[in-house]
Amino acid sequence: MISPEAIAWIVFLLLAALVLWLGWRLFAARSKAARRSIIIDGSNVMFWDGGTPRAETVRAVVETLGREGYHSVIWFDANAGYKLFGRYAGPRDLAPYLGVPPRQVFVAPKGVPADPLVLEAARKLRARVVSNDRFRDWRESFPELGDARRLVRGATRGGDVRLRL
């Protein structure tokens with residue numbers, strides 16, 4: 001017969017093992033999500049379909065990446081709203097057109113290029129960047145751009161998205 005004290009220890013150890021296992025699963029899920037983040041250079045991507053700036057082009061890229069398991073973070077230059085809508089547009093204005101919550105959309109401050117902000121976000125998240133920009137002016141500050149896998153080139157035509165993932 002097992003003593004009540006031994007049963008209590010067994011229950012304690014099983015609960016501790018369960019807590020550790022659940023914690024590990026949560027950590028693994030968060031780590032996987034972080035690895036699957038991708039930064040979109042919205043000011044570049046919005047011109048991919050025929051050279052005319054369109055929010056629908058960025059949305060199509062976001063949707064394609066979502067189907068591939070990526071969590072998109074989208075950056076724009078401050079003038080993106082003027083090019084798209086003829087007026088300033090912040091994250092709350094842009095998000096509905098992109099099909100994402102405003103917390104996934106960033107607009108560079110006026111007078112500040114979005115490129116270094118895009119690249120810094122990619123560095124922090126250890127994410128790839130979707131853009132046809134080669135970021136040549138920023139290679140010294142961001143040597144990781146030497147790894148060709150960091151940049152994802154692409155194109156769209158009539159809503160059909162092609163990415164070199």
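These are my notes on what I looked up in a predicted model of one protein chain.

**Ground rules**

I number residues from 1 along each chain as its sequence is written. Because the model is predicted, I take local features only at pLDDT of at least 70 and side-chain atom pairs only at pLDDT 80 or more, while totals for chains, interfaces and linings use all residues, and side-chain values use heavy atoms, with hydrogens and water left out.

**Entry 1: the chain as a whole**

I began with the secondary structure. The protein chain has six helices and seven strands. Helices here are DSSP runs of H or I with at least four residues, strands are runs of E with at least two, and both are numbered from the N terminus. I wrote down the order along the sequence as α-β-α-α-β-α-α-β-α-β-β-β-β.

Next I looked up burial. Of the 165 residues in the protein chain, 37% count as buried. Buried means under 20% relative accessible area, exposed means over 50%, and partly exposed is in between, with a 1.4 Å probe and protein chains only.

Accessible areas come from the Shrake-Rupley method with a 1.4 Å probe; for residues, only the protein chains shown count as cover.

**Entry 2: surface patches**

Patches are made of residues with over 30% relative accessible area and no salt bridge; like charges are joined within 9 Å, and nonpolar side chains (Val, Leu, Ile, Met, Phe, Trp, Tyr) within 5 Å.

Which residues make the nonpolar patch of about 270 Å²? I found I2, I7 and I10. I7 is in helix α1, residues 4–35. I7 has a relative accessible area of 42%, so I noted this residue as partly exposed.

I also found a patch of positive charge on the surface, where R136, R139, R153 and R164 gather. Lys and Arg count as positive, Asp and Glu as negative, and His and the chain ends are not counted. The place of a charge is taken as NZ of Lys, CZ of Arg, CG of Asp or CD of Glu. R164 is in the segment after β7 (160–163). R164 is exposed, because its relative accessible area is 61%.

**Entry 3: salt bridges**

A salt bridge is a side-chain nitrogen of Lys or Arg within 4 Å of a carboxyl oxygen of Asp or Glu. How many salt bridges does a search of the whole structure find? I wrote down seven.

I looked up R123 and E120 among them. Their side chains meet in a salt bridge at 3.7 Å, N to O. R123 and E120 both lie in helix α6 (residues 114–125), three residues apart, which is about one turn of the helix. R123 is partly exposed, with 32% relative accessible area, and E120 is partly exposed too, at 28%.

I then took E120 and F142, which are 22 residues apart along the chain. The C-alpha atoms of E120 and F142 are separated by 8.2 Å.

R149 forms a salt bridge with D147, and their closest N and O atoms are 3.0 Å apart. Is R149 buried or exposed? R149 counts as exposed, because its relative accessibility is 62%. D147 has 27% and therefore counts as partly exposed.

The side chains of D160 and R162 meet in a salt bridge at 3.3 Å, N to O. D160 counts as partly exposed at 40% relative accessibility, and R162 is exposed at 59%.

I also noted D49, R54 and E56, which are linked in a network of salt bridges.

**Entry 4: positive phi**

Most residues other than glycine have a negative phi. I looked for residues that go against this.

R126 is not a glycine, and its phi is positive, near 55°. R126 is in the loop between α6 and β4 (128–130). R126 is exposed, with a relative accessible area of 71%.

F135 is not a glycine either, and has a positive phi of about 55°. Where is F135? I placed F135 in the loop between β4 and β5 (151–152). F135 is buried, because its relative accessible area is 1%.
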